[in-house]
Amino acid sequence: MVMMLPFLTGAIAVWCGLRGRRRACLWAWTLTLLVFAAWCRFHMTDPLGLPL
Amino acid sequence: MQTLARSAGSGSVLINSVALAGICAILIVAFVWQFVFGELPCPLCLLQRVAFIMAGVGLLLNVRFGPSPLHYSAVMLAALGGMAASGRQVLLHAAPGDPGYGSPLLGLHFYTWAFIAFVGLLGYCAAMLAVDRKWGDNAIPRPASLFGGLVMWLFLLVTLANVVMVVLECGFGACPDNPVSYLWWQALAGAPG
C-alpha cells in the first residue's frame with residue numbers, strides 16, 4: 001500500500017482543477033477515491049474492541 | 001447574456017471560497033500540530049487528510065467553474081469516505097481506558113474533530129444544493145476573484161506539502177500503524193533506523 005499515492009493523485013486533481021481542466025481533474029479525483037477506498041479496506045480490517 | 005452567465009452564483013462562489021479556506025485551515029492546523037508537538041499521523045489520520053483534499057477539490061471546482069451538483073456530489077462522496085475513516089478511528093479508541101491517538105485539541109481528538117467536520121461538510125452541501133438549485137452544470141472555467149484565486153493556490157500548496165510530508169514519513173510504501181519516526185527523513189539525514 002503506497003500511502004503517498006492518493007496524496008499524489010489528489011495533488012494532480014487540484015492542479016488540473018486550478019488550471020481549468022475539469023475532465024482531467026475529475027478523472028484524477030475518481031482515481032484518488034478508488035485508491036482511498038482500497039487503502040481504507042487495507043487499514044480497517046482489525047476487529048474493534050467494542051461489541052457493535 | 002454572457003455577463004449574466006458569468007455572474008451566476010457569484011455569491012455561492014464566494015461561500016465556496018470560504019469553505020475551501022476552511023479546508024486549508026484544517027489541513028494547516030493538522031500540519032502545524034504534527035511538527036510542533038512531534039505527533040506523526042497514523043494511516044487512518046492520513047486517509048482523513050486525503051478525504052479533506054478530495055472534498056477540497058469539489059469546492060475548488062465550484063470556485064473555478066461555478067456551482068454545480070457534480071462538484072457538490074464530489075464533496076459529499078469525500079465527506080462520506082472521511083466519515084468512514086474518522087468514525088472507524090473514533091470507535092477504535094472509544095473503549096474505556098483507551099487514551100486515544102495523539103493529543104486532544106479543545107477536549108477532542110483530531111479524528112473526532114474530523115468526523116464533526118465531515119458531517120458539517122455534508123450539511124453544507126445539502127444547504128448549498130438548495131441555494132444553487134438555479135444554476136446548471138458548466139465545464140467552462142471562469143475568472144476567479146483575488147480571494148478565490150489565493151485560496152485555490154493555498155490549497156495546492158497545502159496539498160503538495162502533504163505529498164512531501166507523507167513521502168518523508170512513509171516513503172513509497174505503507175505506513176506503520178503507530179509511526180514513531182520519519183522513515184525517509186532519517187534515511188536522507190543518514191540517521192539510524
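Two residues are in contact if their C-beta atoms, placed from the backbone, lie within 7 Å. By that criterion, and not counting residues up to four places away in sequence, A51(B) touches F36(A), A78(B), G81(B), G82(B), A85(B) and F118(B). This is a predicted model, in which local features need pLDDT of at least 70 and side-chain atom pairs count only at pLDDT 80 or more, while totals for chains, interfaces and linings use all residues. Residues are numbered from 1 along each chain as its sequence is written, and chains are lettered from A, and ligands numbered from 1, in the order in which they are written.

**Chain B**

- Chain B has seven helices and zero strands, where helices (H or I, at least four residues) and strands (E, at least two) are DSSP runs numbered from the N terminus.
- The C-alpha trace of chain B spans about 65 × 40 × 25 Å along its principal axes.
- Of the 193 residues in chain B, 41% are buried; a residue is buried if 20 or more other C-beta atoms lie within 10 Å of its own, exposed if 12 or fewer, and partly exposed in between.
- Among contacts in chain B between residues at least 6 apart in sequence, 76% join residues at least 24 apart.

- A nonpolar core is a set of buried Ala, Val, Leu, Ile, Met, Phe, Trp, Tyr and Cys residues joined through C-beta atoms within 7 Å.
- The largest such core has 71 residues, and the members that touch the most others are I23(B), A51(B), M54(B), A55(B), V57(B), L60(B) and V75(B).
- Two or more residues each come from α1 (4-18) and α2 (22-43) of chain A and from α2 (10-36), α3 (43-65), α4 (69-92), α5 (110-131) and α6 (146-170) of chain B.
- α3(B) gives the most to this core, 16 residues.

**Interface between the chains**

- Contacts join 28 residues of chain A to 39 residues of chain B.
- On the chain A side, α1 and α2 each supply at least two residues, and α1(A) has the largest share, with 11 residues.
- That side has 21 nonpolar, six polar and one charged residues; Ala, Val, Leu, Ile, Met, Phe, Trp, Tyr, Cys and Pro count as nonpolar, Asp, Glu, Lys and Arg as charged, and the others, Gly among them, as polar.

**Packing of α3(B) against α2(A)**

- The axes of α2(A) and α3(B) come within 10 Å and cross at roughly 160°; axes are lines fitted to C-alpha atoms, for helices over the stretch in contact, and angles run from 0 to 180 degrees between N-to-C directions.
- α2(A) and α3(B) are therefore roughly antiparallel to each other, a label for angles over 145 degrees.
- Residues making the contact include W29(A), L33(A) and F36(A) of α2(A) and V50(B), A51(B) and M54(B) of α3(B).
- By class, this contact has 15 nonpolar, two polar and one charged residues.

**Packing of α3(B) against α6(B)**

- The axes of α3(B) and α6(B) come within 11 Å and cross at roughly 155°, and these two helices are therefore also roughly antiparallel to each other.
- The contact includes R49(B), I53(B) and L60(B) of α3(B) and F155(B), T159(B) and N162(B) of α6(B).
- By class, this contact has seven nonpolar, four polar and two charged residues.

**I53(B)**

- I53(B) lies in α3 of chain B and is buried, because 29 other C-beta atoms lie within 10 Å.
- Leaving aside neighbours within four places in sequence, I53(B) is in contact with G10(A) and T159(B).

Technical notes: Parallel < 35°, antiparallel > 145°, perpendicular 65-115°, else oblique.
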